[in-house]
Amino acid sequence: MISICKKFSFCYGHRLPEYNGKCSRYHGHNADVEVEVVRVSGRPSYDTMVMDFRELKDIVNPILEKLDHSDLTEFFTEPPTAETICGFISSAIRQDLPKGVDLIRVRVSETPTSWAEWRNQ
């Protein structure tokens, strides 16, 4: 199986209400997002491609634009943890992928050493 992965980034602010620690205070992150997809059926527009990187970018960028430079505490109804953000992005991407392409993984890194990751089982 061959997959492709594209890296994106966006900035956001948030706080974790009722959390017992520093993250209960408002703060910001420069997040990196990795999106990995695989072709499961059909033929891509070019025989050896899983999917055109531009097409993947056209799907992911509008999702991240909704979050970029936003207070995610106000965006989500539940605490805006890395896990919540990752789940939201994964769900939105899955709805927009073309037929025959499946999402394998989404990783949202809050810092270079801390991330949440969604994986297709």
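In what order do the strands of the open sheet lie? The order is S3-S1-S2-S4-S5, and the pairing is mixed. Strands (E, at least two residues) and helices (H or I, at least four) are DSSP runs, numbered from the N terminus. The edge strands, S3 and S5 (114-119), each pair on one side only. Pairing requires at least two DSSP bridges between two strands. S1 and S2 pair in the antiparallel sense over 12 bridges. Gly-13 has Gly-28, in S2, as its bridge partner.

The model is predicted: local features need pLDDT of at least 70, side-chain atom pairs count only at pLDDT 80 or more, and totals for chains, interfaces and linings use all residues. Residues are numbered from 1 along each chain as its sequence is written, and side-chain values use heavy atoms, with hydrogens and water left out.

Helix H1 covers residues 53-67. Its 15 residues should span 21 Å at 1.5 Å a residue, where the expected span is 1.5 Å times one less than the number of residues. The end C-alpha atoms are 21 Å apart, which agrees. Even so, H1 has a kink of about 25 degrees at Asn-61, shortly before Pro-62. This bend is the angle between axes fitted to the seven residues ending there and the seven starting there. After H1 comes His-69, with a positive phi near 55 degrees.
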